[in-house]
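Look at the sequence and the structure below before reading on. The paragraphs that follow take the chains one after the other and end where they meet.

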Amino acid sequence: MKRGAWLVWAAFVPAAAAASAPDWALVPADADSKTAAFAILTHQESVQYSGTAEAQIRERWVGLLNQERGRDYAKFSIEFNADTDKVLSAQAWVIDGSGKVQELGREAFLDAAADQDHMYWTHERILHLATGDRLKLNGRVAVEFVHTQNSFFDWKTYLSPAVHTMSQTVQVEPPPGDTLRWHASSGQIKPPNPDGSGGLVWTDQSRNSTPFDGEPTGFLRNFLWLQVRPSRSPVGGAWADASRLADSIIGGQMVCPPALQARARDLTATATTRWNRVRALTEWVQKRVVYLELSTDTDSYAGMRPHLPAEVAANLCGDCKDKAALLVTLLRAIGDDGRVLLVNQGDPTAIDPNFPTLDFNHAIVAIPDSGAPPDWPRIDAGPLGRMVVFDPTDSVTPLGVLSAADQGGWTLLLDPSAGRLAQLPQAPGDQTEIVTEVQAQLDGDGGIKVECNRRFTGTAGAGAYAERRDLRQDTVTDNWLAILRRFVPAPQNLAWTDQWLPDAAQYRMHQTFSAQAGRPLGSGLMALSPQFSLGASTLQEWRTEAEGTAWIEARHFKYHAEIKLPAGWSIDELPDDWIRHGSTVNCEVHYQVKDGTLDFDSDFSLKPGFYAKSPYEAIRRFLLKVTEAEHRPVVLRKA
Amino acid sequence: MIRLPRLLISAAFALLAAESSRAVDWQPLPTAPEPRLDNDAPAEALFHIIGIDDGRFPYERQVHDYVRYRIYDPERAVELTRVALPQVAFNGDEMTDKVKLDARLILPNGTIHLFGKKDIRERTDLNISKSGGFLGLFADGSIDYKERFLAVTGIEPGSVLEIQFSYEEDWPSKLETIQFQQKLAPIRDLQFNYQATTEGYWNFRQFFLNRSAVHCETSSDPKTRTITIHGTNVPALVDEPYSGPAISYAATFVASYESQRLQLNSRAVDEDFKLDPTRYPWSPYATAMYLIDRDHNHPTHSLRVQTEAITAGAQTDEDKARRIHDWVQKLYRRYATWNDNSGIRRTDRGTDSPDDVIHFEDHRNVRIYPSDFAMLDQMMNETAGLETDIALLPNRSVSGPFNPGIVAWDLLPDWVDRVKIGDTWRFSDPTSNSFLSFGDVRWQCESQVGLLAKPNQTFVPVTPAGAKASLDDLIGTYTLSADGTLDGTGIRRMTGHVAEAVRAGLIDQDDATRDERCREPIEQLLRGATIKVTDIANSDDPYKPMQIKFSVHWPGFAEVTKSRLIFHPGLYHFQQPAPLGTTERHYNIQFPYCHYDRDRAIIQLPAGFALRPVTAPDPLDASVITYKTSVTADSASNRLHYARDYSCSLLTVRAGRAADLRGAYDQIATGDQLEAVAERKGAARAVDSGDAP
């Protein structure tokens with residue numbers, strides 16, 4: 001039969017069948033559900049485990065379209081692993097205001113790769129339904145997916161609604177003869193009710209979505225979620241169990257053939273100390289192995305299994321687990337040691353230490369700390385002692401500094417016998433600082449010639465260098481002129497040189513420029529703000545109603561300026577010193593004139609940490625005062 | 001249709017490997033490394049050879065591309081060394097088994113690695129089963145788009161990477177653009193060979209755009225229709241603000257084929273109408289579009305009834321035309337929303353009646369283009385007794401400033417209706433992505449010419465709306481406190497293209513998004529202030545100024561000394577960065593549209609402070625850019641009145657004149673830094689005693 005004939009047949013099938021909707025699709029809509037452009041009347045999820053890592057999942061939504069602009073939300077999808085999971089069915093029923101039903105089968109759903117990027121090539125896929133113009137105003141759509149999941153990772157469902165949701169229900173049944181372990185991300189989620197057979201049921205009524213607008217700087221939104229797994233899951237009930245399982249998957253790959261051993265020896269051949277040898281290996285892995293996530297295995301452990309280190313070293317490509325496993329293998333090849341650590345990059349609040357899990361998203365490395373400088377980041381590795389932590393996936397942040405996105409959360413140390421959960425450090429302010437030293441000469445017309453040395457250290461140094469590295473020379477010049485223009489009028493003739501010192505984790509920049517810094521005020525007066533550089537900066541106002549905390553990195557800014565004043569000009573007004581010390585922030589601003597030179601010092605530090613709304617807003621308001629204090633001008637008067 | 005630049009396509013196609021009997025020819029191994037052409041570039045193309053054979057056009061196009069890179073920074077060069085693409089040809093066919101890829105990596109130590117089919121990964125990217133076509137393009141069902149991916153691995157700094165691909169494309173596009181320059185890598189040696197079809201049925205034209213951007217030699221043989229380009233030291237592209245689309249500054253070869261016959265649906269037009277390519281160069285296109293327009297022009301009963309209803313009671317021709325424009329524009333907006341959200345549809349025929357457009361929701365299988373709405377507008381105007389025609393307009397944001405000497409039909413993509421009101425022709429552009437009033441066209445089409453869809457070559461000017469037609473007013477009344485905080489309320493009022501751009505961003509958005517999109521531009525101007533939007537008006541009525549009301553709370557607005565408040569009365573613009581970079585300009589400057597900014601602010605000073613005299617900066621009157629500020633003090637009420645007027649009527653500035661323009665902007669920036677000083681009349685201010693948290 002020709003293809004065209006099949007098409008004609010297919011096109012007529014829906015019209016030929018008298019469709020009817022299932023009972024669950026006909027849930028009543030109350031007045032509240034009609035206040036949103038699109039409302040979910042009910043969202044039901046049920047999970048039936050048949051084994052410790054196998055589950056059948058049924059997801060159902062019923063949505064109501066109240067306004068045209070709500071169409072954008074009338075889209076439903078699931079993600080699945082094409083190798084390990086099966087989509088058993090995907091169906092939808094579109095019901096218009098008069099009750100007429102159109103039934104849609106699997107063929108109406110879009111099936112596509114979930115990631116399209118130069119960095120990723122995985123087996124994750126997405127099955128998606130856009131109801132489009134099938135759904136009429138005041139009509140409803142009911143969607144049901146049934147699929148299996150074959151994975152030892154926890155089943156996790158998000159309970160923060162993306163749209164106004166009237167009712168949500170989650171039901172989970174353990175495998176026969178087993179019970180469940182579960183964890184909720186927030187106290188807002190009332191404990192699920194055990195149903196007597198070891199399963200759980202969770203329900204909630206009428207919740208609004210919270211917009212993403214108005215979030216503070218460093219906001220870690222507490223998405224509400226529930227995660228569940230069978231008690232007899234291979235992940236186990238203790239962190240040591242989870243560590244053992246992950247180590248068996250990752251550690252099993254860490255074999256070092258002779259060629260790789262020789263490579264390790266070559267890379268460290270000229271290093272004379274232990275940490276120089278370690279640095280040679282960390283630099284090689286972080287700089288020479290370019291990021292690429294490429295999954296090849298198709299079993300349920302594939303997402304955690306790295307490629308063989310020898311392959312990664314030969315291909316010079318790999319993702320975080322590949323790079324971490326390679327680095328540990330190379331360290332062991334030279335007689336040193338290391339462990340792979342699992343972390344949750346970008347969200348230090350993601351792990352609850354009371355709920356052992358393998359729900360991590362990133363892998364880094366721990367190295368025994370013997371002889372390491374005292375200010376390097378470490379974890380308490382229990383019986384293994386203290387260990388220095390390093391992220392080989394970050395191609396810039398050097399050994400001795402932990403990447404900003406890894407700081408402050410929990411990490412799982414992988415070891416067959418000494419595995420444990422440990423707290424990752426947060427860099428203190430004196431390791432993350434920006435120091436600016438200025439020498440300048442002001443003339444009687446307000447023109448100024450400036451020589452400026454800047455030092456960015458720690459994660460600030462790595463960040464500044466990473467940003468510069470990816471830019472062309474002229475773009476760097478333009479960017480700095482734009483920054484300077486915020487502090488001093490008409491900057492020009494900017495010349496600069498820079499230097500990246502990975503051993504010291506320091507990015508240095510030397511600049512010269514001229515500007516019109518002295519602002520005429522009339523009547524022989526001139527205002528001069530001596531702070532024309534990056535200062536304490538500001539934080540975004542906390543306006544969101546969403547639950548969460550703000551994670552603020554350490555900040556330490558030191559600024560010193562010596563400005564030679566023009567002959568014939570004297571001080572009309574010199575601001576008072578401004579000194580404030582608190583438990584989280586400290587700031588000192590000093591003005592002094594000596595021998596015709598204005599000395600200006602500003603020193604600001606902020607303690608890193610997780611901040612709730614009230615202390616965050618106190619810090620934000622204080623920063624505004626710091627900015628104000630730093631920019632108080634000196635007023636000069638012509639003799 | 002403007003297609004992807006060739007170099008991007010080359011990267012994309014590099015992943016497409018399939019069986020081929022052709023042996024791989026590699027050029028001799030490179031000699032010692034040369035001095036780098038560009039120290040900022042992560043890679044350099046030592047040579048790039050491109051061959052395109054259209055000898056069998058329109059049935060087939062053969063492409064062979066061979067590039068040799070030296071990779072200096074593998075991490076920054078991944079866009080060159082990794083390639084992934086859902087493989088679909090211009091005609092919608094999958095290209096499987098038609099593309100051959102080979103890569104060769106030569107490490108600094110001389111080791112050679114070869115990459116081919118075995119290294120290429122493949123997955124189904126998109127699967128739409130029996131229900132029909134995708135996005136209205138393909139209606140044959142059962143579509144599996146294969147995505148293929150090759151990551152060349154093992155690249156060390158200093159490695160040489162060679163990529164060769166070749167493919168044959170069935171039924172290729174009639175317009176082919178090959179952009180020689182790219183961002184990441186300069187090209188030391190460029191060779192381009194093009195064979196056009198010699199089939200007389202097709203009128204062939206070729207152009208080399210921005211030739212001065214590269215040093216090259218070209219030769220062509222009109223008899224055999226072959227073109228050869230040889231370039232040396234072709235620079236990498238750089239990012240510059242206001243440079244327009246790459247086709248307006250990157251060295252680009254354009255090949256364009258024009259069919260000499262048309263296939264029409266029509267009942268009314270002779271299908272064998274012969275186009276004459278020897279007439280004025282645009283005459284065949286104007287004639288063809290005229291025939292298509294006439295082919296569609298069959299007013300139906302439904303159209304007549306609808307037109308009568310729309311124009312009932314209209315007193316003037318302009319009123320009729322305006323009502324029709326507004327109605328069609330609303331219909332198009334409804335269609336655009338519907339089309340965006342309609343998901344997968346089968347579209348197995350084009351429009352052949354205005355009813356297909358008027359009742360688009362009932363004709364799900366019809367492929368509808370924006371030009372159908374322009375023709376609907378025209379038909380309704382004709383039905384209402386007005387004289388009209390269709391104008392084909394270029395789009396500056398897609399193809400840069402229009403040059404009538406570049407005769408490629410797809411460079412005039414936008415259709416608008418033109419209506420005669422009295423002695424004046426007025427445009428009706430109902431299919432922009434915003435709301436336009438009758439008489440206006442979208443900014444992308446302005447300040448160029450339009451080709452009338454008539455059986456001859458007639459260009460009509462599309463003059464830019466003057467700066468005053470696109471007003472951006474910021475008006476506010478504020479109170480300054482002794483601690484330096486500014487509070488008050490303001491209004492942003494916009495007309496013309498300024499409003500057009502803002503309105504486009506609000507269409508079909510929820511309240512939170514509309515609030516955010518109105519608030520953020522004001523926050524960018526008043527950096528440091530807390531802005532709350534209190535009202536948004538006329539976001540869908542182009543005949544009224546769009547208006548955003550807001551409140552301002554701005555701690556630290558004024559610098560506070562012991563006895564003075566120092567502040568910028570030009571609060572809206574004193575923090576704005578210069579619009580152009582400061583380094584040497586490579587490409588011409590292209591601004592989107594002329595506009596006029598009017599700032600007005602009344603600032604109430606705190607009690608106990610008196611304003612010192614303020615001298616406004618010198619005005620600038622360069623005809624194309626004007627700038628004037630004034631500051632006056634009302635000592636009785638202790639208020640400061642600030643006014644700033646700035647207009648720009650420039651659209652294009654040559655790169656060589658960028659320094660002059662920068663000078664003007666420097667003067668404006670200096671003027672915007674104007675400061676005012678209010679002196680305390682009594683005792684000096686006490687030092688703030690707030691605690692640190």
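What share of the 693 residues in chain B do buried residues make up? They make up 41%, where a residue is buried if 20 or more other C-beta atoms lie within 10 Å of its own, exposed if 12 or fewer, and partly exposed in between, with C-beta atoms placed from the backbone. This is a predicted model, in which local features need pLDDT of at least 70 and side-chain atom pairs count only at pLDDT 80 or more, while totals for chains, interfaces and linings use all residues. Residues are numbered from 1 along each chain as its sequence is written, and chains are lettered from A and ligands numbered from 1 in the order in which they are written.

Chain B has 11 helices and 35 strands; helices (H or I, at least four residues) and strands (E, at least two) are DSSP runs, numbered from the N terminus. Two of its helices, α4 (residues 301–311) and α7 (residues 370–383) of chain B, have axes that come within 9 Å and cross at roughly 70°. Axes here are lines fitted to C-alpha atoms, for helices over the stretch in contact, and angles run from 0 to 180 degrees between N-to-C directions. Leu303(B), Arg304(B) and Thr307(B) of α4(B) meet Met379(B), Met380(B) and Thr383(B) of α7(B); two residues are in contact if their C-beta atoms, placed from the backbone, lie within 7 Å.

Most residues other than glycine have a negative phi, and most peptide bonds are trans. The bond from Phe57(B) to Pro58(B) is cis, with omega near 10°, and Pro58(B) sits in the loop between β1 (43–53) and β2 (60–71) of chain B. Asp508(B) is not a glycine, yet has a positive phi of about 65°. Its loop runs between α9 (496–506) and α10 (511–525) of chain B, and Asp508(B) is partly exposed, with 15 other C-beta atoms within 10 Å.

Chain A has nine helices and 39 strands, and 45% of its 639 residues are buried. Helix α2 (residues 239–250) of chain A has 12 residues and should span 16 Å at 1.5 Å a residue, which agrees with the 16 Å between its end C-alpha atoms; the expected span is 1.5 Å times one less than the number of residues. Among the buried residues of α2(A) are Trp239(A), Leu245(A) and Ile250(A). Their cover includes α6 (320–333) and β20 (339–343) of chain A.

A nonpolar core is a set of buried Ala, Val, Leu, Ile, Met, Phe, Trp, Tyr and Cys residues joined through C-beta atoms within 7 Å. The largest has 248 residues, and those touching the most other members are Leu281(A), Leu341(A), Val365(A), Ala366(A), Val389(A) and Leu412(A). To this core α6(A) gives the most, with nine residues.

How many residues of chain A are in contact with chain B? The number is 72, against 68 residues of chain B. Elements giving two or more residues to this side of chain A include α1 (3–16), α8 (473–485) and α9 (613–630) of chain A.
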